[in-house]
Amino acid sequence: LMTLVALALAPVSVVQPILGCGLACVAIFSHYLTADRLRASDWAACLLCVAGTIGIGLTTVEGSGAEEMLLASGVIIIATFGALATACSALAERKQLSLEIAASVSAGICFGLSACCTRCGMSVAAEVAAAGGASAAYLSPLAAVLGIAGSIFLSSSGFVAQTKGLKDGRALAVVAYSNLVALLVAVVFGVFALSEPLPTTSAGLAGRAGALLCLVIGSLALGGGGGGGGGGPPTPEKAA
């Protein structure tokens with residue numbers, strides 16, 4: 001519910017990267033609530049994710065008007081990422097790509113497009129309501145509902161793909177890679193298909209790029225590290 005509210009108020013190219021910081025939160029909760037222990041490198045990765053999230057917030061700019069949806073660009077982007085997901089699945093079936101990576105890519109594409117679908121529905125609903133007319137009273141809510149329905153379908157598909165990866169892959173790695181792909185999808189779709197605003201100054205652009213880089217590096221470090229497990233004395237569960 002909170003994600004829907006966020007997507008209604010802010011660009012998807014901002015919201016989705018910030019949601020990626022949830023991986024750091026999961027790692028920290030695991031450190032205190034489970035037998036897993038974060039190493040120094042894992043804590044550094046968490047700090048990078050937090051720094052990236054703060055950087056995204058500081059470099060967010062207000063749009064000068066309504067977002068302009070570019071249908072042709074959106075179709076091309078969706079087709080490109082759809083082809084990528086299909087190719088990864090085919091390679092995984094042929095044992096030429098690990099199921100962990102293939103499932104992560106497919107799940108990330110679904111999650112990213114899910115957020116984009118919600119944002120598109122909200123944007124269309126706002127445009128229809130602003131245009132007014134006799135049909136606006138029911139077309140505006142309909143656009144929002146269709147966007148949310150598409151988002152639910154894509155999210156469900158993403159969870160199915162992610163579950164396949166979790167069966168044979170490392171849990172934290174699958175989540176990390178899914179987050180990174182979702183971030184990429186949302187940023188590309190938001191900027192090129194929804195005309196979402198970017199910082200207009202060189203410093204702002206550098207800050208946004210640096211924030212995204214922090215999120216990418218932090219997520220990769222957490223995924224590659226497998227959630228720690230070193231550090232600290234062995235617990236009774238591990239000893240057993």
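This is a predicted model: local features need pLDDT of at least 70, side-chain atom pairs count only at pLDDT 80 or more; totals for chains, interfaces and linings use all residues.
1. Now step back to the whole chain. The protein has 10 helices and zero strands, so if you read the elements from the N terminus on, the pattern is α-α-α-α-α-α-α-α-α-α. Of the 240 residues, 40% are buried. The protein exposes about 12,300 Å², and carbon and sulfur atoms supply 71% of that area. Take the contacts between residues at least 6 apart in sequence: 82% of them join residues at least 24 apart.

2. Back to H7, and to its buried residues. Among them are Ala136, Ser140, Ala143, Ala144, Gly147 and Ser151, and the list also includes Leu154, Gly158, Ala161, Gln162 and Gly165. What covers them? Part of the cover for the buried residues of H7 comes from helix H6 (99-131) and helix H8 (171-192).

3. Is Leu146 buried or exposed? Leu146 sits in helix H7, and its relative accessible area is 54%; because exposed means over 50%, Leu146 counts as exposed. Together with Tyr138, Leu139 and Leu142, Leu146 forms a nonpolar patch on the surface, with about 400 Å² of accessible area in total.

4. Next, the cysteines. How many disulfides does a search of the whole structure find? The count is zero. Cys117 shows this in detail: the nearest cysteine sulfur belongs to Cys120 and is 6.6 Å away, whereas a disulfide needs the two sulfur atoms within 2.5 Å.

5. Finally, have a look around Cys21, in the loop between helix H2 (12-19) and helix H3 (22-33). Cys21 is buried because its relative accessible area is 12%, which is under 20%. Leaving aside neighbours within four places in sequence, Cys21 is in contact with Cys49, Val50 and Thr53. Cys49 is buried too, at 0% relative accessibility. Where Cys21 and Ser219 are concerned, 198 residues separate the two in sequence, yet their C-alpha atoms are 8.2 Å apart in space.

Methods: Residues are numbered from 1 along each chain as its sequence is written. Side-chain values use heavy atoms; hydrogens and water are left out. Buried means under 20% relative accessible area, exposed over 50%, partly exposed in between (1.4 Å probe, protein chains only). Helices (H or I, at least four residues) and strands (E, at least two) are DSSP runs, numbered from the N terminus. Contact means heavy atoms within 4.5 Å. Patches are made of residues with over 30% relative accessible area and no salt bridge: like charges are joined within 9 Å, nonpolar side chains (Val, Leu, Ile, Met, Phe, Trp, Tyr) within 5 Å. Accessible areas come from the Shrake-Rupley method with a 1.4 Å probe; for residues, only the protein chains shown count as cover. A salt bridge is a side-chain nitrogen of Lys or Arg within 4 Å of a carboxyl oxygen of Asp or Glu.
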